[in-house]
Each structure stands twice: as C-alpha cells, then as structure tokens.
Amino acid sequence: MRAAVVREFSADLSIETVPDPACPQDGVVLEVAACGVCRSDHHGWMGHHPKVASGSILGHEYCGTVVEAGPRARHSVGDRLIAPFILACGNCPACATGVSNTCENQIVPGFGAPGAYAEYVAAPFDHNLVHLPETMSPALAAGLGCRVTTAWHALTDRAQLRAGEWVAVHGTGGIGLATLLLAKMLGAQVVVVDVVEEKLTHAKSLGADAAVNATDGDVAEAIREITGGGAHVSVEALGIPATTNASLECLATLGRHVHVGMPAGDHVTMPINMRAIYLKQLSVFGTRGMPSWKYPSLLGMIERGDVDLSPMVAREVPLSRASAELRAMNGPTPPGTAVIIDLKQ
Ligand SMILES: [Zn+2]
Ligand SMILES: [Zn+2]
C-alpha cells in the first residue's frame with residue numbers, strides 16, 4: 001500500500017510502498033477514506049512524541065471501509081466506520097467501568113502502531129469503532145476520532161459545563177473550534193483566544209461571543225473583564241506555558257481548567273501559576289479522548305442538526321500534501337483544519 005512514512009524528523013514524509021497491514025484477530029483493516037492532520041501529529045513529526053520514530057506512519061483521526069475482518073471482529077467487510085484514536089481493550093478495569101479512554105492496554109494507531117496516513121490501517125479492538133452516519137462526509141467524520149470527541153468529553157464530563165456559563169477557549173485550532181461549537185450548542189457563552197486575527201474573526205462568525213487577540217496584552221485580564229469576573233470553565237487547547245497560565249488566570253473563583261493541549265518537547269514540564277489555583281480554589285482537569293460508549297449520543301446530535309461541525313474542515317488535501325500541512329504548524333495556522341481525503345495521490 002501507499003503510505004506517508006516518517007524517515008527524518010521535521011523533514012517531508014516519505015511517500016512509499018509498504019506492506020499492507022495484517023488483519024488483527026479482534027479487529028479489522030480499513031481502507032482509509034479520510035484522515036485528519038492534527039497538532040499531535042506535528043509533535044510526532046518534530047520528534048517530540050516518545051512513540052514516533054523513523055519508520056512510523058502517523059494518522060490517528062480516520063474513518064474508512066472494512067476490507068478485512070478478523071475472526072473475532074464485531075464489524076464486517078463493507079462496513080463504513082469511524083475510529084476513536086484510543087482503541088481500548090474492553091477487558092480491563094478502566095474499560096469495565098466506562099472510562100475506556102484511560103485503558104491501560106490501549107492501542108493508538110499513529111502513535112506506537114501504524115497510523116492512517118496510508119491507504120489501509122489496521123484497527124484492533126474494533127468494538128470501539130462506530131458506524132459512519134450516511135449523511136456525514138468522511139472528512140468531517142475523521143475529526144470525530146480525536147478533536148470533536150476530546151472537546152465533547154472535556155466539556156460534558158470533565159468540566160460538567162452548564163448552560164449560561166462562560167467558557168474561555170485558548171487556541172482556536174481543531175480542538176478549540178470543536179470546543180466553541182459544542183459549548184454554544186450546550187448554551188454556554190464563549191470567549192476565544194488566539195494570536196491570529198483571521199482565526200478570531202472566523203470563530204466569531206461561528207458564534208463566539210467575544211474574542212481576545214493574545215498579542216494585544218494581558219489575556220486573562222481581558223477575559224475577566226469580558227466575563228464580569230472570570231470564566232467558569234477554561235479549555236487550554238495548545239499545551240504551552242502562555243496559554244496554560246492565561247487559562248488558569250482568566251478563571252473566576254472555583255473555576256474549572258481543562259487541559260487538552262498536549263504538552264510536548266520543552267513543555268512537558270512548565271512553570272504554572274499555583275497561586276491562582278490556590279487563591280481561587282480552582283479545579284484542574286487533564287483530559288484525553290472520550291470513552292467510545294459516548295459516540296451514539298454525540299453522533300445523534302450531529303445527525304439531527306443540533307450542531308453543525310462542518311466549518312471545522314477548511315482544507316481537503318491529498319496524502320502528498322500532508323508534509324506541507326505539518327510544516328505549516330511550525331507557525332500560526334489559518335482557520336480550520338486539514339483532512340487528507342485522497343490516500344492514493
Ligand atoms: Zn488528533
Ligand atoms: Zn481496557
């Protein structure tokens with residue numbers, strides 16, 4: 001099969017012909033229909049992810065059609081499926097108690113297993129996969145493996161967001177946009193933060209109640225002013241010290257900080273404002289992914305039109321453009337996300 005392979009960090013992915021994936025006993029092989037290009041991929045491509053090495057195939061936000069099913073697979077050849085990026089085992093205590101996104105035996109294609117920047121990808125533990133709704137484009141569905149589900153779980157589970165509350169969103173990439181759209185659906189007021197004016201304008205056109213350009217000065221103070229004393233919930237969607245501290249400092253007393261951005265490279269450890277946490281008695285949540293049992297309710301809301309996530313996909317690109325999209329993430333990116341939809345080009 002054709003695949004984009006990491007050979008040298010920060011250099012163009014190598015488009016190669018590699019062996020087709022073997023079909024897992026308890027899973028399927030998908031012909032990839034679409035795969036999102038995510039900032040986590042950028043961390044891996046830069047050499048900042050412990051599970052990405054020379055020879056790795058990135059790609060963890062994918063959907064596709066089953067071309068081969070193992071003897072213990074739940075799905076069948078021909079099924080069109082969406083995969084969450086965390087493929088949980090289904091048997092451990094975490095899986096048994098509904099928190100499969102913390103499964104200790106999880107497999108994540110793209111990080112430690114071959115990913116979906118390729119014509120085919122193996123998905124073991126296929127009980128995690130769900131049917132792609134007829135009405136949903138593969139490009140949009142690809143984001144439901146990572147950014148949308150992560151944002152949904154951050155808001156509804158970790159932050160326990162309530163209608164009418166103020167949510168601050170630090171970073172308006174894929175996670176940030178999904179957070180904005182879902183928080184608006186839930187009846188919250190949303191203030192977005194970025195350094196790219198065009199992204200702030202884009203976010204406001206999608207319903208953001210207020211926008212703060214982080215290059216204009218003290219972000220936290222601006223948000224405290226806009227919200228009349230601080231946000232109730234703040235979602236950090238980048239993983240760097242400036243946004244992390246702005247997120248903590250913009251919160252109201254008893255506010256909830258939800259950390260979504262992956263701290264990588266030099267930011268694995270970082271100085272944070274503990275005094276803000278202490279004085280305002282904040283709650284600080286980490287979050288990663290979503291247990292796959294939450295898919296039906298989320299997909300139902302999207303299918304019924306309660307929320308329109310289509311503005312998230314800004315660019316549909318061929319596999320040969322993946323390197324350019326990763327390279328673009330070295331600096332501030334334009335609004336919306338890129339999704340690979342042609343794996344043969
Ligand atoms: Zn992702
Ligand atoms: Zn498990």
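Reply: Donors are N, O and S atoms within 2.8 Å of the metal (3.2 Å for Na, K and Ca), and as water is not among the atoms, sites may look incomplete. This is a predicted model, in which local features need pLDDT of at least 70 and side-chain atom pairs count only at pLDDT 80 or more, whereas totals for chains, interfaces and linings use all residues. Residues are numbered from 1 along each chain as its sequence is written, chains are lettered from A and ligands numbered from 1 in the order in which they are written, and side-chain values use heavy atoms, with hydrogens and water left out.

Me: What makes the protein donors of the zinc ion (ligand 1) count as donors?

Reply: Cys-38 (SG), His-60 (NE2), Glu-61 (OE) and Cys-146 (SG) lie 2.0 to 2.3 Å from the zinc ion (ligand 1), and the limit is 2.8 Å, so these atoms qualify as donors. Along the sequence, their residues are spaced C-x21-H-E-x84-C. Cys-38, in the loop between strand S3 (28-37) and helix H1 (39-45), and Cys-146, in the loop between helix H3 (138-142) and helix H4 (147-158), are 108 residues apart and link distant parts of the chain; helices (H or I, at least four residues) and strands (E, at least two) are DSSP runs, numbered from the N terminus.

Me: Why is the arrangement around the zinc ion (ligand 1) called tetrahedral?

Reply: Four donors count as tetrahedral if all angles lie between 85 and 135 degrees. The 4 donor atoms here subtend angles of 90 to 128°, so the arrangement is tetrahedral.

Me: How do you know which geometry the zinc ion (ligand 2) has?

Reply: Its protein donors are Cys-89 (SG), Cys-92 (SG), Cys-95 (SG) and Cys-103 (SG), at 2.3 to 2.4 Å, with the spacing C-x2-C-x2-C-x7-C. The angles among these 4 donor atoms are 104 to 117°, and the site is therefore tetrahedral by the criterion already given.

Me: Why are Cys-89 and Cys-95 called buried?

Reply: Buried means under 20% relative accessible area (1.4 Å probe, protein chains only), with exposed over 50% and partly exposed in between. Cys-89 has 9% and Cys-95 has 16%, so each is buried.

Me: What makes S3 largely enclosed?

Reply: Because 8 of the 10 residues of S3 are buried, the strand is largely enclosed by the rest of the structure. Two strands pair if DSSP finds at least two bridges between them, and S3 is joined to strand S4 (residues 62-69) by 7 bridges, running antiparallel.

Technical notes: Four donors count as tetrahedral if all angles lie between 85 and 135 degrees; four count as square planar and six as octahedral if opposite donors are over 155 degrees apart and all others between 65 and 115; anything else is irregular.
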